[in-house]
Amino acid sequence: GEFNSMWSVSRPLLSLILLHDQYFLTLKEQIIQTQVEDKRVVFRKALDDVMVSVEDSLTSKNRDAFTRNLYQFAQSLKSTAAGAGPGVPTTPPPIQLPLAITS
């Protein structure tokens, strides 16, 4: 189901976030800035919550916490999009990725 798909995505995603934490922070800010101004606080909180109780390790417990948080984030986006008014993007804009990520 949906949670199994989230599990499959979250495992490599956490590794990348931990490996390139500064890039993740930059990307998070870019996503927040694409939202209409009155929704930015909500998106910032939702994105911050993805990393709540997540430590800088790849233990099973930590991966599980990240997966739960990411699932909750996805659910909150769905509910926000379902109640979206005019001017609220329901799909994220394309994100510019660098050709090479360096630490």
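## Ground rules

A residue counts as buried when its relative accessible area is under 20%, exposed when over 50%, and partly exposed in between (1.4 Å probe, protein chains only). This is a predicted model, where local features need pLDDT of at least 70 and side-chain atom pairs count only at pLDDT 80 or more, while totals for chains, interfaces and linings use all residues. Residues are numbered from 1 along each chain as its sequence is written, and side-chain values use heavy atoms, leaving out hydrogens and water.

## The overall layout

The protein chain has four helices and zero strands; both are DSSP runs numbered from the N terminus, with at least four residues (H or I) for a helix and at least two (E) for a strand. Of its 103 residues, 24% count as buried.

## Bridges between helices

Four salt bridges turn up in the structure, each being a side-chain nitrogen of Lys or Arg within 4 Å of a carboxyl oxygen of Asp or Glu.

One of them joins aspartate 64 to arginine 11, with the closest N and O atoms 2.8 Å apart. Aspartate 64 sits in helix 4 (residues 60-82) and arginine 11 in helix 1 (residues 2-19), so this pair ties together parts that are 53 residues apart in sequence. Arginine 11 is buried, at 13% relative accessibility, whereas aspartate 64 is partly exposed at 32%.

Another pairs aspartate 48 with lysine 28, at 2.6 Å between the closest N and O atoms. Here helix 3 (residues 40-49) supplies aspartate 48 and helix 2 (residues 21-33) supplies lysine 28, 20 residues apart.
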